[in-house]
Amino acid sequence: MKYREILLGRIQGGWSCEITFTVTTARQFSDEQHDVHETASTWYGALWVAWRAVRAIVREVGAKRGERRACGWDA
């Protein structure tokens with residue numbers, strides 16, 4: 001997983017966090033890019049919620065150990 005961009009911004013009533021990242025999957029040859037947009041009342045809270053969403057996406061779509069090799073691709 002690679003973080004491409006992390007943007008924190010002030011919005012009405014709180015903070016917004018946008019994280020763009022790529023993750024290696026077994027479904028395709030190249031890495032997939034994902035975006036996560038979350039809001040919270042503090043900048044730290046927005047970053048924390050967005051980071052947790054990133055981890056959930058990586059657990060769901062990320063290639064497990066040996067999965068890419070089983071498809072015939074280099075790990």
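How many bridges join strand β1 to β2, and do the two run parallel or antiparallel? In this predicted model, nine bridges join β1 (residues 2–11) to β2, and the two strands run antiparallel; strands are taken to pair if DSSP finds at least two bridges between them. Residues are numbered from 1 along each chain as its sequence is written, and the model is a prediction in which local features need pLDDT of at least 70, side-chain atom pairs count only at pLDDT 80 or more, and totals for chains, interfaces and linings use all residues. Side-chain values rest on heavy atoms, with hydrogens and water left out.

The protein contains two helices and three strands, which follow the pattern β-β-β-α-α when read along the sequence; helices (H or I, at least four residues) and strands (E, at least two) are DSSP runs numbered from the N terminus. The mean pLDDT of the protein is 89, and 97% of the residues score at least 70, where pLDDT is the predictor's confidence in each residue, from 0 to 100. Among the elements, β2 has the highest mean pLDDT (95), whereas helix α2 (residues 67–70) has the lowest (80).

In overall dimensions, the C-alpha trace spans about 50 × 15 × 15 Å along its principal axes. The radius of gyration is 15 Å, whereas a compact globule of 75 residues would have a value near 11 Å; this quantity is taken over C-alpha atoms, and the globule rule is 2.2 Å times the number of residues to the power 0.38. Buried residues make up 27% of the 75 residues, where buried means under 20% relative accessible area, exposed means over 50%, and partly exposed lies in between (1.4 Å probe, protein chains only). Among contacts between residues at least 6 apart in sequence, 44% join residues at least 24 apart, contact being defined as heavy atoms within 4.5 Å.

The strands β1 and β2 form a hairpin with two residues between them, and Gly13 in the turn has a positive phi of about 85°. Within this pairing, Glu5 stands opposite Thr20 of β2, and Ile6 stands opposite Ile19 of β2. Nine bridges also join β2 to β3, and these strands run antiparallel; here Phe21 stands opposite His34 in β3. Strand β2 is mostly covered, with seven of its ten residues buried.

Ile19, which lies in strand β2, is buried because its relative accessible area is 1%. Leaving aside neighbours within four places in sequence, the contacts of Ile19 include Tyr3, Ile6, Val36, Ala50 and Val54. Phe21, likewise placed in strand β2, counts as buried because its relative accessibility is 0%. With residues up to four places away in sequence not counted, Phe21 touches residues including Met1, Tyr3, Gln33, His34, Val54 and Val58. The C-alpha atoms of Phe21 and Ala70, 49 residues apart along the chain, are separated by 25 Å.

Both Ile19 and Phe21 belong to the largest nonpolar core, which has eleven residues: Cys17, Ile19, Phe21, Val23, Val36, Ala46, Ala50, Ala53, Val54, Val58 and Val61. The elements that give two or more residues to this core are β2 and α1 (43–61), and α1 supplies the largest share, six residues. A nonpolar core is a set of buried Ala, Val, Leu, Ile, Met, Phe, Trp, Tyr and Cys residues joined through side-chain atoms within 4.5 Å.

Gln33 lies in strand β3 and is exposed, because its relative accessible area is 54%; residues up to four places away in sequence aside, Gln33 touches Thr20, Phe21 and Thr22. Gln33 and Lys2 are 31 residues apart in sequence, and their C-alpha atoms are 9.4 Å apart in space. Thr25 is found in the loop between β2 (14–23) and β3 (32–40), and this residue counts as buried because its relative accessibility is 0%. Apart from neighbours within four places in sequence, Thr25 is in contact with Glu32, Val61, Ala63, Arg68 and Trp73.
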